[in-house]
Amino acid sequence: MIEACVGDGPTATHNICVDVPPEYTRVDVFLLLDTSQSMDDVVNALANAFAEVSNELIARRIDVNVGLGEYQSWDASGTRYRRLVDIAPPPQPRQALQGN
């Protein structure tokens, strides 16, 4: 119940129904990308689209935390996988993809 006074004079009491949106749905996502040279176009497209995907998730009330790793079939050091960004709120994966 809300009571409101507007200027001098009598008060009015009104019952008001308020729809309270549900809490955000929490989701953790870890992306493992093949960063070999043959996948450059795909990785660049993902980096460019990440902000749009992030905005869409926010609009749908999805609280997403994202981590990022890379996979290569051959690496001079013998490493095939490495974690670039721990699971955290965006935009860190986009920055990592762009080398910032």
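Biologist: Leaving aside its neighbours within four places in sequence, which residues is Thr-35 in contact with?

Modeller: Thr-35 is in contact with Asp-40, Val-43, Glu-70, Tyr-71 and Gln-72, where contact means heavy atoms within 4.5 Å. Thr-35 itself lies in the loop between β3 and α1; helices (H or I, at least four residues) and strands (E, at least two) are DSSP runs, numbered from the N terminus. Please keep in mind that this is a predicted model, in which local features need pLDDT of at least 70 and side-chain atom pairs count only at pLDDT 80 or more, while totals for chains, interfaces and linings use all residues. Residues are numbered from 1 along each chain as its sequence is written, and side-chain values use heavy atoms, with hydrogens and water left out.

Biologist: What makes the link between the side chains of Thr-35 and Gln-72 a polar contact?

Modeller: The two side chains are joined at 3.1 Å. A polar contact is a pair of N or O atoms within 3.5 Å; within protein, one must be able to donate a hydrogen and the other to accept it, and residues adjacent in sequence count only if both atoms are side-chain atoms. The 3.1 Å between Thr-35 and Gln-72 is within that limit, so the pair qualifies.

Biologist: Why does Ser-36 count as buried?

Modeller: Its relative accessibility is 18%, and buried means under 20% relative accessible area, exposed over 50%, partly exposed in between (1.4 Å probe, protein chains only). Ser-36 is found in the loop between β3 (25–34) and α1 (40–59), and beyond four places in sequence it is in contact with Tyr-71 and Gln-72.

Biologist: How do you know that Leu-33 is buried?

Modeller: At 15% relative accessibility, Leu-33 falls under the 20% cut-off, so it counts as buried. Leu-33 sits in strand β3, and its C-alpha atom is 7.4 Å from that of Val-43, 10 residues away along the chain. Across the 100 residues of the chain, 16% are buried.

Biologist: In what order do the strands of the open sheet run?

Modeller: The order is β3-β4-β5, with mixed pairing. β3 and β5 (81–88) are the edge strands, because each has a single partner strand and one side left without a neighbour in the sheet. On average, neighbouring strands are turned by 15° against each other, direction ignored.

Biologist: What makes β4 and β5 a pair?

Modeller: Two strands pair if DSSP finds at least two bridges between them. β4 (residues 62–71) and β5 have five bridges, in the antiparallel sense, so they meet the rule. Within this pairing, Gly-69 stands opposite Arg-83 in β5.

Biologist: Why is the meeting of Glu-70 and Arg-82 called a salt bridge?

Modeller: A salt bridge is a side-chain nitrogen of Lys or Arg within 4 Å of a carboxyl oxygen of Asp or Glu. Glu-70 and Arg-82 come to 2.3 Å, N to O, so the name applies. The pair links distant parts of the chain, with Glu-70 in strand β4 and Arg-82 in strand β5, 12 residues apart. Glu-70 is buried at 12% relative accessible area, whereas Arg-82, at 48%, is partly exposed.

Biologist: How many salt bridges does the rule give?

Modeller: Three. Among them, Arg-60 bridges to Glu-56, with the closest N and O atoms 2.6 Å apart, and Asp-86 bridges to Arg-83, also with 2.6 Å between the closest N and O atoms. Arg-60 is exposed at 58% relative accessibility, while Glu-56 is partly exposed at 40%. Arg-83, with 54% relative accessible area, is exposed, and Asp-86, with 49%, is partly exposed.

Biologist: What pLDDT does the chain average?

Modeller: The average is 75, and 72% of the residues score at least 70; pLDDT is the predictor's confidence in each residue, from 0 to 100. Do take care over residues 92–97, where pLDDT stays under 50.

Definitions and conventions: Axes are lines fitted to C-alpha atoms, for helices over the stretch in contact, and angles run from 0 to 180 degrees between N-to-C directions.
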